[in-house]
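Dear colleague,

Please find below the structure that I am handing over to you. My notes on what was found in it follow directly after.

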Amino acid sequence: MEAEATVRERKRDPYTCAGCGARFDVAYFDDRADSAPLLHDVGCPSCGKAKSISLPQGSERTLLVELDETGGDVEDGGGD
């Protein structure tokens, strides 16, 4: 008899890179047992600039950083 598998969904937090302005999501599984969050450095998937973010303890093992492509390029009115 097989055990029923539990479907897990990643939590997604949106961020904007201070270096290049790219929008990206940090996705992770939150398997914490009421532990304090920890700071982790993630790199912007567009330019690589590091950003410190607070994540639940243990979530760094399931961390996924992806560009947010849902809104397309954002026009900021700047020149070349």
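A disulfide is taken here as a pair of cysteine sulfur atoms within 2.5 Å. This is a predicted model, in which local features need pLDDT of at least 70 and side-chain atom pairs count only at pLDDT 80 or more, while totals for chains, interfaces and linings use all residues. Residues are numbered from 1 along each chain as its sequence is written, and side-chain values use heavy atoms, with hydrogens and water left out.

I begin with the cysteines. A search of the whole structure finds zero disulfides. The sulfur of Cys17 has its closest cysteine sulfur in Cys47, and because the two are 3.6 Å from each other, they are too far apart for a bond. For Cys44, the closest cysteine sulfur is that of Cys17, at 3.8 Å, which is again too far for a bond. Residues are called buried under 20% relative accessible area, exposed over 50% and partly exposed in between, with a 1.4 Å probe and protein chains only. On that scale, Cys17 is buried at 6% and Cys44 is buried at 5%, whereas Cys47 is partly exposed at 43%.

Contact means heavy atoms within 4.5 Å. Not counting residues up to four places away in sequence, Cys17 touches Ala22, Phe24, Cys44, Cys47 and Lys49. With neighbours within four places set aside, Cys47 is in contact with Cys17 and Cys20. Cys47 lies in the loop between strand 3 (38-43) and strand 4 (50-55), and its C-alpha atom is 7.6 Å from that of Gly19, 28 residues away along the chain.

As to the fold, helices (H or I, at least four residues) and strands (E, at least two) are DSSP runs, numbered from the N terminus. The chain has zero helices and five strands. Of its 80 residues, 22% count as buried. Among contacts between residues at least 6 apart in sequence, 43% join residues at least 24 apart.

Strand 2 (residues 23-28) deserves a paragraph of its own. Five of its six residues are buried, so strand 2 is largely enclosed by the rest of the structure. Arg23, in this strand, is partly exposed, with a relative accessible area of 28%. The C-alpha atoms of Arg23 and Asp68 are separated by 5.4 Å, although these residues are 45 apart along the chain.

Two strands pair if DSSP finds at least two bridges between them. Strand 1 (residues 11-16) runs antiparallel to strand 2 and is joined to it by six bridges; Arg12 has Ala27 as its bridge partner in strand 2. The hairpin of these strands has six residues between them, and there Gly21 takes a positive phi near 85 degrees. Strand 2 is also antiparallel to strand 5 (residues 64-67), through four bridges, and Val26 has Val65 as its bridge partner in strand 5.

Lastly, a nonpolar core is a set of buried Ala, Val, Leu, Ile, Met, Phe, Trp, Tyr and Cys residues joined through side-chain atoms within 4.5 Å. The largest one has ten residues: Tyr15, Cys17, Ala22, Phe24, Val26, Tyr28, Val42, Cys44, Ile53 and Leu55. Strand 2 and strand 4 each supply at least two residues of this core, and strand 2 gives the most, with three. In soluble globular proteins, nonpolar side chains tend to be buried together.

With kind regards
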